[in-house]
Amino acid sequence: MAETDSEGRTRFTRMRVLRDPNGPILHQDKGPVGLRAPNGFIWGHTLGEFFYIARVPSMDSYVTTWSRSMLKEFGENYDEIEAVTWKLPLDPPRVRRPWPVLILPPDHPAQPDPPLGTIDTGCEWEHSDLMCYTVRVDDSGCYDDVKQAYTPSRLLPRPCPADASKSCTGRLMFNHGTEAVLDAHGNPYHLVWCPHFRAKFNDRASLPDQDQVISHAAERICSERAERVLIDIDGLCLVDRPQSPRDGNPSAAPISDASGETIPAPNVPATLLEEATVEDNVSDNHVIQHDSNEVPDASNMDQGPSAGVQASVSQDQHQENMAQQDDATTANRFSVKDLPKLEEFIPDGLLPDVLLVHDPDRTTGHDQAIDQPVTYKRVVYKRPRDTRPTLVHTDKPRIGHLHLRSDNRLGEGHHSHVYRVPLTLPEPLSAHSHTGQVTVAAKLAIGECTAHFLLHNEARVYEQFPQQAQQEYCGFNIVPPCRFPVPVGPIVPKYYGFYLPFDEDGDTWDITAEEAREVHQECTEDEPCELDWPSPILLMEECGEPVQPEKFTIDQRTECFSLVLRLHALNITQRSFYVRNIMIQPGPLSAPPAKRTYEHPSFRIIDFGRGHSLKQVLAVVRKRGKTTRAKVESNFRLEMHHEERKAREELLIEPCEF
């Protein structure tokens with residue numbers, strides 16, 4: 001059972017570091033930085049890497065919280081403390097990747113590093129010099145993220161971070177071609193160490209524990225892909241892992257080169273595999289051929305007039321069956337059943353530029369034929385001060401499809417509705433699902449002018465969030481004024497774009513257009529005007545359901561409150577802070593959905609229709625010229641203070657609980 005403090009917390013600072021009596025005074029905001037995630041807060045890889053340290057050596061009660069990396073940078077007594085306290089290496093923060101569902105050709109220029117499909121294998125392995133990427137294999141025809149635990153995958157060596165020069169091609173290199181390295185038995189290694197890392201093996205001084213390194217590599221690779229690993233200081237071979245739960249025959253673990261092509265394992269006799277494959281194929285073909293050759297004798301066939309009629313009926317029936325299959329396929333495009341949620345970022349340049357929205361229920365408010373998709377195009381707010389979005393122009397627009405049904409509603413508010421929607425991604429993107437689709441949350445405004453304005457403003461706020469606010473990092477943060485460590489989770493959902501409807505003539509319906517703003521400038525939320533055109537669509541990550549703070553542990557309430565503090569550190573306020581706007585879902589998100597639980601929840605703040613940033617407020621003030629920047633910043637800090645107090649009330653946090 002996890003250790004707890006007097007309040008029942010499991011996340012608290014457990015250590016105190018003794019100061020050098022002659023050490024310097026530690027001034028506030030002038031201490032060492034140490035290792036930090038992009039949000040800039042104090043960071044530690046584990047709870048055990050935080051400690052209290054006295055600001056004044058002679059005043060033990062006047063303390064602050066530091067991390068291990070800060071102490072190392074500071075230098076005071078670090079070596080002595082590390083020797084007895086921390087056994088693991090000091091690793092930097094890294095992004096924890098969500099369970100992969102996107103598919104992109106390996107050689108595509110937009111392919112990131114790590115490539116799409118890479119499974120997060122945990123910090124011990126991700127930080128290791130021996131790590132290979134474990135990439136999901138496209139097995140969407142038979143794999144279900146929700147129901148099955150087996151995940152077809154392949155190994156992919158990654159670039160070597162210690163030396164990215166041309167002389168170093170990676171920790172593990174592919175071993176094929178005319179100069180392949182052979183093992184003691186004359187067989188080529190499956191993989192060989194990169195020159196940079198192999199040099200460490202040859203230099204006992206730089207790698208004195210090379211036997212432990214090899215043992216560690218064998219253990220980790222075995223757990224990932226292979227039943228047995230043949231490994232030494234030259235290279236390794238992977239063998240004997242069944243590749244499918246439907247096939248118990250041992251086979252070589254697949255591994256891929258940079259282009260994604262699978263390289264066969266050298267230590268399994270290819271002739272045996274080929275013989276088994278041929279024999280199986282012959283058996284299958286024999287059965288199929290036997291059935292297809294059972295042609296009735298012509299002398300026994302009815303040659304009467306009914307034969308032609310029967311043939312015609314059979315053809316008509318075939319056409320009817322095909323039509324029914326087409327209808328079923330179309331209907332299936334609207335189904336969210338067994339489709340994975342999109343939790344990854346779509347690579348740069350691959351967001352849909354055009355969305356064809358299939359909306360037979362007229363959920364968007366369109367008035368065209370229900371069997372025709374409504375055309376939407378992506379727009380962006382490039383600057384916080386922009387009053388109108390800019391259309392994204394491309395020579396070759398990337399086209400996606402959205403299949404919207406009213407009965408897939410996730411939630412509703414006073415001004416908008418949110419739907420779970422199947423998204424067909426632009427080529428060459430696809431997904432690990434039976435249709436190649438993923439689901440996203442689509443937010444639509446009701447048919448009122450003020451509702452449209454609020455949705456536009458929400459898009460403007462989302463455009464200002466840095467990527468790190470939508471990502472999870474390993475480790476923990478100290479987020480003042482909270483003194484307890486909290487996980488470094490995302491603050492808000494991932495944002496997949498804002499789209500406006502366009503008619504057949506290429507004109508858009510836009511509430512922010514100058515003529516529309518003039519018409520509706522006197523409208524209020526209490527007295528709005530009704531609109532007769534389709535709603536804009538904001539696409540984002542689906543993040544669960546509203547929280548119930550009365551069921552939270554004290555650690556979970558603290559974690560939720562830290563999201564508000566981190567939001568304010570970005571100089572952004574939400575301005576509608578209620579529990580209905582804080583979402584929870586089971587985690588960790590790096591695990592497949594079937595293995596997630598509420599013991600590791602993931603939280604998000606949503607609904608920024610009324611939100612704004614300090615940059616937005618300053619832009620408005622600069623335009624009107626009615627007050628000073630200092631006054632604006634003071635009022636904004638006061639607004640953040642009131643929102644933090646509201647958050648405490650909503651999350652049932654006692655006034656002095658921190």
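This is a predicted model: local features need pLDDT of at least 70, side-chain atom pairs count only at pLDDT 80 or more; totals for chains, interfaces and linings use all residues.
Okay, let's start with a polar contact: a polar atom in the side chain of Glu-126 sits 3.1 Å from the backbone nitrogen of Thr-121.

Numbering runs from 1 along each chain as its sequence is written, and side-chain values use heavy atoms, leaving out hydrogens and water.

Back to Glu-126: you'll find it in helix H3, residues 123–126 (helices are DSSP runs of H or I, at least four residues; strands are E, at least two; both numbered from the N terminus). Glu-126 counts as buried because its relative accessibility is 6% (buried is under 20%, exposed over 50%, partly exposed in between, with a 1.4 Å probe and protein chains only).

Now, the largest nonpolar core has 44 residues, and Phe-608 is one of those touching the most other members. Such a core is a set of buried Ala, Val, Leu, Ile, Met, Phe, Trp, Tyr and Cys residues joined through side-chain atoms within 4.5 Å. Helix H10 gives the largest share, 6 residues. Another core, apart from that one, has 30 residues, including Leu-351.

Leu-351 leads us to Pro-397: their C-alpha atoms are 9.7 Å apart. Pro-397 sits in the loop between strands S18 and S19, and is partly exposed, at 42%.

Terms used
A polar contact is a pair of N or O atoms within 3.5 Å; within protein, one must be able to donate a hydrogen and the other to accept it, and residues adjacent in sequence count only if both atoms are side-chain atoms.
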